[in-house]
Amino acid sequence: MNQSLMRQTAMLLNDLLKFESPADAKLSEFFRQHRELGTKERAWVAETAYGVLRRYRYLREVSVSEADEQEDTRKLIIAWLLKIEGKSIRDLDELLDERQKEWAVTIKSKNSEGFSPAVLADVRDWLWLKLVEEYGETEAMTICRSMFEQASLDLRVNTIKASREEVLSRMLAENTVKDNVIAPTPFSPLGIRMGARLNIGKHILFTEGKIEVQDEGSQLLSYLVAPKRGQMVADLCAGAGGKTLALGALMKNTGRLYAFDVSEKRLNNLGQRLKRSGLSNLQAQLINNENDLKLKRLNGKFDRVLVDAPCSGLGTLRRNPDLKWRQAEEDVAELNVKQTNILARAAKLCKAGGRVVYATCSLLRDENEAIAEAFLQAHPDFKLVPANEALAQQNILLDTGVYLKLLPHVHGTDGFFAAVFEKTA
Ligand SMILES: C[S@@+](CC[C@H](N)C(=O)[O-])C[C@H]1O[C@@H](n2cnc3c(N)ncnc32)[C@H](O)[C@@H]1O
């Protein structure tokens with residue numbers, strides 16, 4: 001790595017730290033503008049930028065001095081290399097100019113004595129307080145630290161086109177995955193976990209539609225929905241269809257599966273994935289909001305409704321570390337209103353004897369249990385189906401209690417929450 005790459009990464013970080021749009025989109029845009037960068041250089045830029053985003057608060061604390069007029073992202077990078085990556089100043093000889101070497105000496109000498117727990121957990125104060133209230137200080141710290149790790153690459157085998165055994169044996173036989181740790185996921189019967197990141201988008205199994213990228217936790221949600229052959233199923237917040245496609249495969253391409261969302265762009269992405277999947281039971285529909293008239297004629301028609309609600313996304317911080325700096329406490333309150341309303345709308349779509357699943361990738365009670373409990377209070381015609389029992393019925397032995405609650409350091413998945421409701425009348 002060299003000084004020019006350092007400069008480019010610092011410029012990218014200047015942009016990312018404005019927190020105006022998601023970091024993954026900005027990173028892709030950066031790579032499109034810098035096609036001259038090779039694979040190793042790209043990996044270094046991505047790792048460094050995401051590394052700084054994961055540890056931003058701590059790194060500022062050890063690198064920014066009172067004399068600084070404005071934040072210099074090169075200091076953050078140096079701090080990341082020295083303090084997190086464990087490099088020595090000598091290791092960085094080629095990378096740093098003389099002034100930066102002086103910064104490095106100062107940064108190296110800083111220790112974390114007296115830093116607040118929120119700085120060490122690398123989250124904003126409001127979020128730290130909420131997590132401590134919910135999980136206690138020790139568990140809150142463990143959760144925050146688990147988010148410093150890179151997530152594994154999880155794949156879902158599309159059973160419309162292949163079996164897990166077939167995909168696993170093909171991958172194990174291949175040179176591309178030779179040095180990779182590759183294994184069935186522990187809980188999802190359709191998952192494969194890969195230790196290292198591959199550009200899976202170009203892999204033949206992917207282009208043939210035999211595999212999809214999907215976190216194991218997300219795969220498990222479709223098992224909670226548990227759609228049966230020939231049923232009417234709605235995915236009310238389908239987005240780009242990660243869970244919709246899994247539902248379609250569980251339905252063995254029979255029945256009718258509706259994918260609704262308010263985002264045209266996301267539904268267009270679903271369209272691309274749908275072509276690869278080989279599913280023909282799926283219909284995508286753009287709606288204005290949960291009160292869209294298009295939904296009205298479908299009231300009481302569905303056997304299964306999934307609400308994968310818009311949420312803070314704090315369970316996905318391993319993949320989207322920028323979210324912890326972009327989310328404010330007020331945003332969560334705003335999301336709670338949407339979550340409550342969308343779930344109430346889902347209840348209307350569901351027929352008697354049918355099932356509604358409410359899911360988020362949030363860690364916060366306000367977006368999870370609180371919404372589920374309020375729903376049960378307001379909807380006496382629904383009862384809670386314990387998630388552990390619903391999974392056991394699918395031969396998945398994962399018991400996190402009446403709600404599904406997944407955490408990276410416990411389950412190896414992103415953080416997920418789900419509640420299963422059945423309409424009794
Ligand atoms: C957590 S994401 C869904 C991710 C998707 N289910 C997947 O597995 O890839 C939440 C989605 O809710 C959508 N959304 C937001 N408000 C909505 C509303 N009022 N009705 C339906 N969808 C909504 C967003 O556009 C977003 O795609």
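Where is the place of Asn 253? Asn 253 sits in the loop between α13 and β6. The structure shown is a predicted model.

## Two residues with positive phi

Asn 253 is not a glycine, yet it has a positive phi of about 60°. Is Asn 253 buried or partly exposed? Asn 253 counts as partly exposed, because it has 17 C-beta neighbours inside 10 Å, and a residue needs 20 or more to be buried.

Ala 226 also has a positive phi, of about 50°. Ala 226 is not a glycine either. Its place is in the loop between α12 (216-225) and β5 (232-235). Ala 226 has 19 other C-beta atoms within 10 Å, so it is partly exposed.

## Two domains

The protein is divided into two domains. Domain 1 covers 3-115, and domain 2 covers 216-423. Their centres, taken over C-alpha atoms, are separated by 37 Å.

How many residues of domain 1 are in contact with domain 2? Nine residues of domain 1 are in contact with five residues of domain 2. On the domain 1 side, the elements that give two or more residues are α2 (23-33) and α3 (39-54). The largest share, three residues, comes from α3. By type, this side of domain 1 divides into seven nonpolar residues, no polar ones and two charged ones.

Strands of a sheet pair through backbone hydrogen bonds, either parallel or antiparallel.

Look next at one pair inside the order. Strand β1 (residues 153-157) and strand β3 (residues 191-194) pair in the antiparallel sense over four bridges. In this pair, Arg 156 stands opposite Gly 191 in β3.

Strand β9 spans residues 350-360. It is mostly covered: eight of its eleven residues are buried.

Strand β9 has a parallel partner in β8 (residues 302-308), with six bridges in the pairing. Arg 304 stands opposite Arg 355 in β9. Strand β9 also pairs with β12 (residues 416-423). Six bridges join these two strands, which run antiparallel. Here Val 356 has Phe 421 in β12 as its bridge partner.

## Around the ligand

The model has 20 residues around the ligand. Which of them come nearest? They are Cys 237, Gly 239, Gly 242, Ser 263 and Asp 308.

The loop between α13 and β6 holds Asn 253.

What kinds of residue form the shell? The shell divides into eight nonpolar, six polar and six charged residues.

Note on methods: Residues numbered from 1 in each chain as written. Predicted model: local features only at pLDDT ≥ 70, side-chain atom pairs only at ≥ 80, totals over all residues. Near = placed C-beta within 6 Å. Nonpolar A, V, L, I, M, F, W, Y, C, P; charged D, E, K, R; others polar. Pairing = 2+ DSSP bridges. Buried ≥ 20, exposed ≤ 12 C-beta atoms within 10 Å, placed from the backbone. Domains from an automatic or database assignment. Contact = placed C-beta atoms within 7 Å.
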